[in-house]
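Please consult the sequence and the structure while reading.

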Amino acid sequence: MLPICWQNKVIMFGITSADSLSAMPHQGYFIRTHPDTGMQGRKLAEFAIKRKAKQVYVLAPQQPYAEPFIRAVEAACTAAGTKATSVIYDIRKTSFRTEVDQLLKAQPDVVLLGGLAPDNIIMTRDLYRAGVKAPIIGLATGVNQAVIDGAGKQVVEGLYTQVPVPALGSPGYKRVQEIAGTDQPDTYACQAFDHINLFILSVARAKAATGTAIKDTIRSVSSGSGEVVTDALAGLAILREGRPINYDGASGPCSFEPNGSLSDCEFQLQQIRDGKLVNVTL
């Protein structure tokens, strides 16, 4: 879809993590409000660094996102003086015992899982059978209820994940609670809310409802030193007065890198305890 968008000068707002999108020559017609794979890899590495790990071992699937994920982990670990070793495995395999044997030889302090639920079910079983005692943390898309159910709660007991979370308690989040009629709207609903508000404010700032106008002005309404606003109505009033604004959304601060990815995002550390994912602190 993205090539079609930039060829027709239509901006795409994405709820997606694939690094390949922001790496494309989209000419600014792509904005994402979901953390990319690189950021998620960095956050997992920070978990290991906070635990003062000296040796981190990364198990990543043979998927397009594996390399940027591994690069982000390695960069964060290197900066902290932590060694990172990585293995990319074939997701079609029915056993990862060979990869686990390699891991055992490295004697890591922390294991990072880059896989998704289907391969993590197999991987966690093999790690459990091999008696791996090091803390294990994986992507939120790979350590979830499907893995608990598929691998068995005894196998995955104690596994960690870091989940992207919206701006809990913020005015924007409270507004989404009202609109959605739920006390716990997920990050995806919050991101969709932010897309709509960013679109409206960008059009108002540019005084034109075109993809080019939006991509040229979206950063001027979502970052900088302007007055902080959390919804389009408040922002429109300030823009009519000729004053700058800085939109902070329900999903978090909507500040974007030149490639369209988020500059930062909040994450919640979770751990599997007795078959359930619960919020924890390190």
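**Strand pairing and helix packing**

Strand E5, helix H6 (residues 117–129) and strand E6 form a right-handed β-α-β unit; right-handed means that, with the strands pointing away from the viewer, the path from the first strand over the helix to the second runs clockwise. Helices (H or I, at least four residues) and strands (E, at least two) are DSSP runs numbered from the N terminus. The model is predicted, and local features need pLDDT of at least 70, side-chain atom pairs count only at pLDDT 80 or more, and totals for chains, interfaces and linings use all residues. Residues are numbered from 1 along each chain as its sequence is written, and side-chain values use heavy atoms, with hydrogens and water left out.

E5 (residues 110–113) pairs with E6 (residues 136–139) in the parallel sense over three bridges, pairing requiring at least two DSSP bridges between the strands. Leu112 has Ile137 of E6 as its bridge partner. E6 also pairs in the parallel sense with E7 (residues 160–164), over three bridges, and here Leu139 is partnered by Gln162 of E7.

H6 also meets helix H5 (residues 97–106): their axes come within 9 Å and cross at roughly 50 degrees. Axes are lines fitted to C-alpha atoms, for helices over the stretch in contact, and angles run from 0 to 180 degrees between N-to-C directions. H5 is therefore oblique to H6, given that angles under 35 degrees count as roughly parallel, over 145 as roughly antiparallel, 65 to 115 as roughly perpendicular and the rest as oblique. Arg97, Val100 and Leu103 of H5 contact Met123, Asp126, Leu127 and Arg129 of H6, contact meaning heavy atoms within 4.5 Å.
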